[in-house]
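Come along as I look things up one at a time.

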Amino acid sequence: LDLSSNQISGSLPASLFAGLTYLEHLKLQFNRIQTIGHGTFRDVRASATVLVADGNALTCLPHPPPGGGAWTEALALYLPLCQCAQGSYLASNTATICTQCEGSCGAGQELCPAGSVQDGVCAVCQAGTFSFDSSCIPCAPGSYQSMSGTSTCMTCSEGKTTISEASTSATQCVCEAGRYIAPGGTFLLVGGQEVSAFSRASLRSPQDVAVSPDGTFVIIADTKGHTIKKVIVSTGKVQFVAGSGDPGYADGVGSSALFNEPSGVSITPDGKL
């Protein structure tokens with residue numbers, strides 16, 4: 001059966017070869033077929049050699065004929081057997097459709113993982129996933145799960161997220177856009193929430209920041225602290241620039257200046273506040 005260089009596109013329906021009882025070679029080089037349905041060769045009663053090559057859209061082969069036992073593939077291009085999706089199973093090599101599973105599984109498991117050939121098969125959800133409604137669901141970005149067989153995912157700490165879904169460790173939690181880790185603690189570049197303490201001082205609901213032109217320090221409007229502070233990026237050290245910590249309105253230098261919940265700061269191109 002030579003299906004090479006043909007104009008058939010999309011799926012090859014199982015009914016097309018109903019009644020075909022003998023198949024010695026199946027040639028699939030260079031074609032537009034994307035899928036070959038389950039049970040397409042269900043009536044074949046002999047083994048067959050499948051010739052596949054680069055240049056076709058196929059990603060898998062249906063189960064081999066019942067009498068063949070296995071496909072013998074040539075031209076050094078291996079195609080795996082097509083599988084039923086999770087939650088369904090292929091009842092036999094002659095089945096043309098996948099059957100929906102109706103069994104049940106315990107917590108932390110999924111019913112009928114992909115490739116199942118019978119109902120009631122339960123598989124433990126692996127690290128990076130959690131069980132929900134009899135399926136293993138990848139942990140969403142911003143969460144992770146290091147253990148298998150669980151029904152929840154752990155959430156990254158505030159200000160952190162993961163690069164992709166299905167993360168398996170807290171070490172895969174990284175700073176969100178606009179944040180970075182300083183030696184003295186975690187620092188918020190775009191304000192609005194309280195962040196963890198630095199080595200010598202804490203920030204209370206900072207509302208705005210400005211980064212120096214050379215990136216060596218950051219000026220922070222420490223809103224609830226009623227002060228302006230400076231963070232040295234290389235060390236994480238916090239320095240008080242202005243404000244006494246008490247709310248008020250007064251011009252001055254250093255602690256003699258008073259602010260009432262300052263909410264904006266800026267730095268000129270030459271580094272002046």
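These entries cover a sheet, its strands, the nonpolar cores and some disulfides.

**Entry 1: before starting**

I remind myself that this is a predicted model.

**Entry 2: the sheet**

I looked up an open sheet of four strands and found the order S18-S19-S20-S21, paired antiparallel. Which strands stand at the edges? They are S18 (208-211) and S21 (238-242); each has a single partner strand, so one side of each is left without a neighbour in the sheet. From one strand to the next, I read an average twist of 25 degrees.

**Entry 3: walking across the strands**

I began with S18 and S19, which run antiparallel and are joined by four bridges. Val-209 has Ile-220 in S19 as its bridge partner. These two strands make a hairpin with five residues between them, and in the turn I noted Gly-215, whose phi is positive at about 75 degrees.

Next I moved to S19 and S20, where six bridges join the antiparallel strands. Here Ile-220 turned up again, with Lys-229 in S20 as its bridge partner. This hairpin has four residues between its strands, and His-226 takes a positive phi near 55 degrees.

**Entry 4: a closer look at S19**

How many residues of strand S19 (residues 217-222) are buried? I found six of the six, so the strand is largely enclosed by the rest of the structure. Phe-217, Ile-219 and Ala-221 point one way, while Val-218, Ile-220 and Asp-222 point the other way.

I also checked the ring of Phe-217 and found the charged end of Lys-230 sitting over it, 4.4 Å from the ring centre. For aromatic pairs, my search of the whole structure gave one.

**Entry 5: nonpolar cores**

I then asked which residues have the most contacts inside the largest nonpolar core. They are Leu-28 and Phe-41, in a core of 17 residues. A second, separate core has eight residues, among them Ile-219, Ala-221, Ile-232 and Ile-267.

**Entry 6: disulfides**

The structure holds seven disulfides, and I wrote up some of them.

Cys-60 and Cys-82 are joined with an S to S distance of 2.1 Å. The torsion about their S-S bond is about 95 degrees, so this disulfide is right-handed. Cys-60 lies in the loop between S4 (49-51) and S5 (72-74), and Cys-82 in the loop between S5 and S6 (88-89), 22 residues apart. Both cysteines are buried.

Cys-101 and Cys-112 are joined at 2.0 Å. I read -105 degrees about the S-S bond, and this link is left-handed. The two are 11 residues apart, Cys-101 in the loop between S7 (99-100) and S8 (109-111), Cys-112 in the loop between S8 and S9 (122-124).

The sulfur atoms of Cys-139 and Cys-153 are 2.0 Å apart. With a torsion of about -80 degrees, the disulfide is left-handed. Is each end buried or partly exposed? Cys-139 has 0% relative accessibility and counts as buried, whereas Cys-153 has 21% and counts as partly exposed, since buried means under 20%.

Note on methods:
Residues are numbered from 1 along each chain as its sequence is written. This is a predicted model: local features need pLDDT of at least 70, side-chain atom pairs count only at pLDDT 80 or more; totals for chains, interfaces and linings use all residues. Side-chain values use heavy atoms; hydrogens and water are left out. A nonpolar core is a set of buried Ala, Val, Leu, Ile, Met, Phe, Trp, Tyr and Cys residues joined through side-chain atoms within 4.5 Å. Buried means under 20% relative accessible area, exposed over 50%, partly exposed in between (1.4 Å probe, protein chains only). Rings of Phe, Tyr and Trp (its six-membered ring) pair if their centres lie within 6.5 Å; planes under 30 degrees apart count as stacked, over 60 as edge-to-face and the rest as tilted. A charge sits over a ring if NZ of Lys or CZ of Arg is within 6 Å of the ring centre and within 35 degrees of the ring normal. Two strands pair if DSSP finds at least two bridges between them. Axes are lines fitted to C-alpha atoms, for helices over the stretch in contact, and angles run from 0 to 180 degrees between N-to-C directions. A disulfide is a pair of cysteine sulfur atoms within 2.5 Å.
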